Amino acid sequence: MKKLSQQSYPNLRMRRLRNNKNLRSMLSETKLYSENLIQPIFVIEGKQKKQRINSLPGINRLSIDNVIKEVRKLKNNGIKAAALFPSISNKNKSSDAAESYNSNGLIQTCVKKIKDIFPEFIVITDVALDPYTSHGQDGIMNKSGNILNDETNDILVKQALSHANSGADILAPSDMMDGRIRAIRKELEKNNYHDTKILAYAAKYASNYYGPFREAVGSLKSLGKSDKKTYQMDFRNRNEALREVDLDLREGADLVMVKPAMPYLDVIMNIKTNFKVPVFAYHVSGEYLMIKSATKTKILNEKQIVLESLSCIRRAGATCILTYYALEVAKWLK
Ligand code: PBG
């Protein structure tokens with residue numbers, strides 16, 4: 001190891017720099033700001049609806065009018081961005097996910113409304129088919145149950161364009177099909193959306209932490225016993241994440257995401273040190289639920305546990321964090 005210091009105890013006392021709260025703040029290597037936090041929002045059809053999500057205590061599915069109220073709250077508390085996820089009724093689901101690119105669909109309408117009222121607020125949309133497929137997979141399925149890559153990309157491109165048409169700032173493909181970033185970027189350029197940003201879920205793992213989210217968007221039941229391991233990454237792999245990021249960046253991604261966050265800090269750090277791009281981390285639904293459940297007893301302090309967790313994700317190298325705690329944290333930080 002490189003020699004870090006010429007000095008040693010007692011000339012050097014590490015505790016000297018820790019004995020004053022202001023000093024600790026001044027010297028902290030990592031800061032947590034609300035502007036780095038992104039609130040995921042679940043959108044439902046209808047008016048004046050606010051549905052509790054059993055799997056995500058404290059989080060509701062909101063109809064568009066209530067999404068607007070929520071965005072106002074976020075904005076007033078210093079949050080700059082939200083990520084929208086649809087929960088649509090079964091009658092709008094199909095095997096080809098055609099509803100996903102309906103220009104008057106739920107998400108497309110919601111984006112337009114938000115951008116009309118809050119033009120500066122950053123809207124991130126999920127480019128993925130799972131809320132729209134009758135089987136809950138992120139792609140088009142053939143008779144033997146395989147997810148077809150290129151056929152899925154064709155639909156993702158249409159969905160992405162419909163989001164760009166609605167005014168979305170950042171498109172976030174979360175499907176893990178090969179080549180989808182290149183296909184989406186090509187379509188955006190062709191349609192003069194030169195400034196629409198792509199946040200690639202580059203290192204998205206086939207994780208057991210997504211259960212509460214799947215319940216929230218209604219894909220849990222459709223999915224049944226099947227999994228997503230033929231397209232999402234194996235959680236035992238890290239080098240593979242670097243290849244995924246490299247590819248997505250070369251295909252035209254502006255930003256990359258690692259998901260989940262807390263069990264994957266090594267992946268975040270590795271990507272950050274290898275590619276000098278903003279890395280986003282998704283503190284996913286299962287991570288949220290674990291903290292909510294564990295802090296119910298008050299033996300663990302929720303606020304302190306959350307601030308520590310998110311700070312550590314930042315320390316690992318994440319620039320922004322998607323978290324269901326965003327609004328709560330922004331209030332604490334105020
Ligand atoms: C699917 C998608 C998932 C999440 C975001 N987008 C679940 C999945 O891949 O099955 C999970 C987010 C969370 O758990 O909070 N396109």
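A residue counts as near a molecule or strand if one of its heavy atoms lies within 4 Å of it. In this predicted model, 17 residues surround the ligand. The closest are Arg214, Lys228, Lys259, Ser285 and Tyr324. Residue numbers start from 1 along each chain as its sequence is written, and side-chain values use heavy atoms, with hydrogens and water left out. Local features need pLDDT of at least 70 in this predicted model, side-chain atom pairs count only at pLDDT 80 or more, and totals for chains, interfaces and linings use all residues.

An oxygen atom of the ligand lies 2.6 Å from an N or O atom in the side chain of Arg214. For the side chain of Lys204, the distance from an N or O atom to a ligand oxygen is 2.8 Å. The side chain of Asp138 places an N or O atom 3.0 Å from a nitrogen atom of the ligand. On its own, the ligand has 400 Å² of accessible area (Shrake-Rupley method, 1.4 Å probe). The protein covers 100% of this area.

A charge sits over a ring if NZ of Lys or CZ of Arg is within 6 Å of the ring centre and within 35 degrees of the ring normal. Lys259 lies over the face of Tyr210, at 4.7 Å from the ring centre. Its charged end also sits over the ring of Phe213, 5.9 Å from the centre.

The structure holds 11 aromatic pairs. Rings of Phe, Tyr and Trp (its six-membered ring) pair if their centres lie within 6.5 Å; planes under 30 degrees apart count as stacked, over 60 as edge-to-face and the rest as tilted. Phe42 and Phe85 form a tilted pair, 6.1 Å centre to centre, with 40° between the planes. Phe42 lies in strand E1 (residues 37-44) and Phe85 in strand E4 (residues 81-87), so the pair ties together parts 43 residues apart in sequence. Strands are DSSP runs of E, at least two residues, and helices are runs of H or I, at least four, numbered from the N terminus. Both Phe42 and Phe85 are buried (under 20% relative accessible area, 1.4 Å probe, protein chains only).

Tyr288 and Tyr324 form an edge-to-face pair, 5.7 Å centre to centre, with 65° between the planes. Tyr288 lies in helix H10 (residues 285-294) and Tyr324 in the loop between strand E12 (320-323) and helix H12 (326-333), so this pair ties together parts 36 residues apart in sequence. Tyr288 is buried at 1% relative accessible area, and Tyr324 is buried at 3%. One aromatic cluster includes Phe42, Phe85, Phe213, Tyr288 and Tyr324.

Note on methods:
Buried means under 20% relative accessible area, exposed over 50%, partly exposed in between (1.4 Å probe, protein chains only). A polar contact is a pair of N or O atoms within 3.5 Å; within protein, one must be able to donate a hydrogen and the other to accept it, and residues adjacent in sequence count only if both atoms are side-chain atoms.
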